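Please look over the sequence and the model before reading on.

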Amino acid sequence: MTIKITISKTGFSLFCAGLIFFGWSTMSCNRTPQSDSIIKATSDITLKDYGAEPTVLDIDAYTMTNDNFRTALWTGSKLQATLMSIPVGGDVGLEQHPDTDQFLRIEDGTAQVMMGDTEYSLTFVKTAEKDFAIFVPAGKWHNIINTGDKPLKLYSIYSPVEHPHGTVHKTQEEAEEAEHQHEQ
């Protein structure tokens with residue numbers, strides 16, 4: 001059985017007014033941000049690892065500001081958020097996290113996402129772009145390639161933590177060298 005619900009533009013406006021009236025103003029009916037808030041958000045950005053401190057920030061603005069290959073933004077005891085900027089034609093790098101689930105969200109750009117059970121069999125291939133989420137189960141080999149014409153801006157959440165507190169890798173080569181030293 002299918003139920004079709006139609007809400008007129010007037011009905012939607014009344015619905016939004018009701019949300020505001022009842023104090024549920026965090027739910028936005030108008031998703032267009034005010035330009036003043038964008039300017040303020042981007043001018044107050046300090047890229048650093050905020051550690052295990054309570055933190056509230058505009059993840060989109062931080063992600064778009066980051067020009068490093070990887071910047072740890074928040075590292076707790078069980079969870080970590082990192083920002084990434086992948087150059088045109090570049091990639092995250094083929095990797096596997098045996099005990100770590102990973103969530104990634106693309107804030108800007110276009111990518112090819114590949115996953116598989118072995119590094120030689122990446123049978124899951126999808127295109128992803130701005131506002132897409134990528135879920136990588138622990139143990140899956142994966143890579144994300146920037147297929148667009150501008151840097152791919154994304155953030156990643158790991159559980160448990162994947163990189164040391166305060167990690168900043170300006171380039172992919174720097175990240176690979178740090179990973180090699182970490183494995184020794």
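## A residue and its surroundings

Leaving out residues up to four places away in sequence, Ala111 touches Ile106, Lys126, Thr127, Ala128, Ile144, Ile145, Thr147 and Leu152, where a contact means heavy atoms within 4.5 Å. Ala111 and Thr147 stand 36 residues apart in sequence, yet their C-alpha atoms are 5.0 Å apart in space.

Ala111 belongs to strand β5, residues 110-116, strands being DSSP runs of E with at least two residues, numbered from the N terminus. Because its relative accessibility is 0%, Ala111 counts as buried (under 20% relative accessible area, with a 1.4 Å probe and protein chains only).

## Basis of the model

This is a predicted model, in which local features need pLDDT of at least 70 and side-chain atom pairs count only at pLDDT 80 or more, while totals for chains, interfaces and linings use all residues. Residues are numbered from 1 along each chain as its sequence is written, and side-chain values use heavy atoms, with hydrogens and water left out.

## The nonpolar core

The largest nonpolar core has 16 residues, and those with the most contacts inside it are Ile106, Ile134, Ile144 and Leu152; such a core is a set of buried Ala, Val, Leu, Ile, Met, Phe, Trp, Tyr and Cys residues joined through side-chain atoms within 4.5 Å. Strands β2, β4 (101-108), β5, β7 and β9 (152-159) each supply at least two residues of this core, and the largest share, three residues, comes from β5.

Conventions:
Helix = DSSP H or I, 4+ residues; strand = E, 2+ residues; numbered from the N terminus. Buried < 20%, exposed > 50% of the residue type's maximum accessible area, 1.4 Å probe, protein only.
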